[in-house]
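Please keep the model in view while reading.

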Amino acid sequence: MAIRIASKKTAWGLAGAAALALGALAVAQGSPSLSAHAESSGDVLATAEAESISPVFSEAQAPEDRLPSFLLKGEQKIGDFDNGSSRLLGVTDGTKAWTVLNLKGEACLVTLLPGSEQWASMACATPEVFEKQALSLQSATATAESRLYFVPEGFAAPAKLDEVAPQLFSGDPSESENKPLTLTEESDANARSATSETVKIPPFESVEDLLE
């Protein structure tokens, strides 16, 4: 049950391609799309850079924060990480979502669907890319599906998304999107400026379209 990571270029960048496994069709689609890389390969983000993505990186790692061992070695290894940096963001409908720092100067969103397929997906970004378009992942098997968004702190999600935990939102995998999802910075009642920053998350196809 090896992790399948296949990708193709789209107008918005990397999206997972369909893969046939264990007699069931499974797919993964993720962001980011912008081209940005760490200045030096092989480096973990500095503490301040990681904490600018999420305050969870300032907290001590708890047992539930650790990625499953089968994602860290062997046939199902999904990436090269600083294993002590993983933090569980939340769980929704059985799908678990973690953030973890890799060895390329990026933060990643890792999701694991429930079920015997052990279907894991990953999207990674530098802090600069994360600030512009967050991290999002959609994945599906014959028995489970999810669409999750790991967003910068202080941004409000539109009503169409459900809050799973701080900075983690879920969407409807059966819905196709034809334009970016825009998040607006939460306003400060005491702020004098009327301007606000936005995050634009690349759109998703529905899982039904991806599975065709």
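Leaving aside its neighbours within four places in sequence, with which residues is Phe130 in contact? The partners of Phe130 are Ile53, Ala125, Leu135, Phe150, Val151, Pro152 and Gln167, where contact means heavy atoms within 4.5 Å. The model is a predicted one, in which local features need pLDDT of at least 70 and side-chain atom pairs count only at pLDDT 80 or more, while totals for chains, interfaces and linings use all residues. Residues are numbered from 1 along each chain as its sequence is written, and side-chain values use heavy atoms, with hydrogens and water left out.

Phe130 lies in helix H2, which covers residues 127–133. Helices (H or I, at least four residues) and strands (E, at least two) are DSSP runs, numbered from the N terminus. With a relative accessible area of 2%, Phe130 is buried; the term buried applies under 20% relative accessible area, exposed over 50%, and partly exposed in between (1.4 Å probe, protein chains only). The C-alpha atom of Phe130 is separated by 9.7 Å from that of Ile201, although the two residues are 71 residues apart along the chain.

One of the partners of Phe130 is Ile53. Not counting residues up to four places away in sequence, Ile53 touches Leu45, Ala107, Pro127, Phe130, Phe150, Glu153 and Gln167. Ile53 also belongs to the largest nonpolar core, which has 20 residues. Such a core is a set of buried Ala, Val, Leu, Ile, Met, Phe, Trp, Tyr and Cys residues joined through side-chain atoms within 4.5 Å. The members that touch the most other members are Ile53, Phe57, Leu101, Leu109, Leu135, Phe150 and Leu168. At least two residues of this core come from each of helix H1 (47–53), strand S6 (95–101), S7, S8, H2, strand S9 (135–140) and strand S10 (145–150). In soluble globular proteins, nonpolar side chains tend to be buried together.

The structure holds 1 disulfide, a term for a pair of cysteine sulfur atoms within 2.5 Å. This disulfide joins Cys108 to Cys124, with an S to S distance of 2.0 Å. Cys108 is in strand S7 (residues 107–112) and Cys124 in strand S8 (residues 120–125), 16 residues apart. The disulfide is right-handed because the torsion about the S-S bond is about 105°. Cys108 counts as buried at 0% relative accessibility, and Cys124 is buried at 17%.

Elsewhere, Ser170 is placed in strand S13 (residues 168–170). Ser170 is buried, since its relative accessible area is 12%. Beyond its neighbours within four places in sequence, Ser170 is in contact with Arg147, Leu148, Tyr149, Leu161, Asp162 and Val164.

Two strands pair if DSSP finds at least two bridges between them. S11 and strand S14 (residues 181–185) pair over 2 bridges, and Phe155 has Glu185 in S14 as its bridge partner.

Finally, the chain as a whole has 3 helices and 15 strands. Buried residues make up 47% of its 212 residues. Among contacts in the chain with a separation of 6 or more, 55% are between residues 24 or more positions apart.
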